[in-house]
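Visitor: Please take me through one part of this model at close range. I would like to see how the inside is packed.

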Amino acid sequence: MALWEICLVAVVFFYSLNLAPMMFESFTSDRTWASNPPDSFHMFLGRYGQKTANYWRVVSPIATLAFVLSLVVSWQLPGTRLWLSVAFALYAAVHLATMMYFVPEQEGLIAGAGSLSRDVLRSRADRWIFLNYFRNAAGVLAFVALMLAVLAPRV
């Protein structure tokens with residue numbers, strides 16, 4: 001197996017470790033925490049509250065590194081390079097949106113639950129859920145592009 005193939009397998013694996021939990025959270029816990037703010041925020045509070053940051057701090061940088069390494073070693077393969085670049089651009093957009101909006105907004109809602117009205121909390125949580133559909137769509141499109149990189153003809 002060539003180095004570029006190993007790197008491509010690694011990026012598929014580590015990207016899958018990003019996409020699958022993101023989708024799972026979207027269909028399970030995200031709907032729960034946003035369902036009835038501020039009462040529904042209790043799933044994050046206390047000693048045993050849900051905390052996923054440790055997972056994302058490990059998996060996301062490894063996925064990013066795998067993408068970059070795979071791009072470097074696959075650069076001479078035009079079809080692979082194209083689809084891998086598209087996948088990485090979408091992954092980066094999702095990751096940036098997560099770090100710049102989704103995480104801070106969720107944390108801000110939970111932290112500000114006592115000082116914001118129920119209507120404001122509900123409105124912002126609903127907006128978060130709505131925008132999350134676009135984030136998920138971009139994540140799935142990144143995976144499709146990644147699969148096209150895997151299936152691209154090698155010249």
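Guide: Start with the largest nonpolar core, which has 21 residues. A nonpolar core is a set of buried Ala, Val, Leu, Ile, Met, Phe, Trp, Tyr and Cys residues joined through side-chain atoms within 4.5 Å. Buried means under 20% relative accessible area, with exposed over 50% and partly exposed in between (1.4 Å probe, protein chains only). Val11, Tyr15, Phe67, Leu84 and Leu146 touch the most other members. H1, helix H3 (53-73), H4 and helix H5 (118-151) each give two or more residues to this core. The largest share, seven residues, comes from H1. Helices here are DSSP runs (H or I, at least four residues), numbered from the N terminus.

The model is predicted: local features need pLDDT of at least 70, side-chain atom pairs count only at pLDDT 80 or more, and totals for chains, interfaces and linings use all residues. Residues are numbered from 1 along each chain as its sequence is written, and side-chain values use heavy atoms, with hydrogens and water left out.

Look at Tyr15. Leaving out residues up to four places away in sequence, Tyr15 touches Ala63, Phe67, Tyr91, Gly139, Ala142, Phe143 and Leu146. Contact means heavy atoms within 4.5 Å. Apart from this core lies another, of 12 residues, including Phe41, Phe44, Ile110 and Trp128.

Now the partners of H1. H1 (residues 3-27) and H4 (residues 78-111) pack at about 30°, with axes 13 Å apart. Axes are lines fitted to C-alpha atoms, for helices over the stretch in contact, and angles run from 0 to 180 degrees between N-to-C directions. That angle makes H1 roughly parallel to H4 (under 35 degrees; over 145 is roughly antiparallel, 65 to 115 roughly perpendicular, the rest oblique). From H1, the contact uses Leu8, Val11, Tyr15, Asn18 and Met22; from H4, Thr80, Leu84, Tyr91 and Val94. Seven of these residues are nonpolar, two polar and none charged. Nonpolar covers Ala, Val, Leu, Ile, Met, Phe, Trp, Tyr, Cys and Pro; charged covers Asp, Glu, Lys and Arg; the others, Gly among them, are polar.

H5 is the next partner. H1 and H5 pack at about 155°, with axes 10 Å apart. The two are therefore roughly antiparallel. On the H1 side, the residues that meet H5 include Val11, Val12, Tyr15 and Leu19. On the H5 side, Gly139, Ala142, Phe143 and Leu146 are among them. This contact divides into 14 nonpolar, five polar and one charged.
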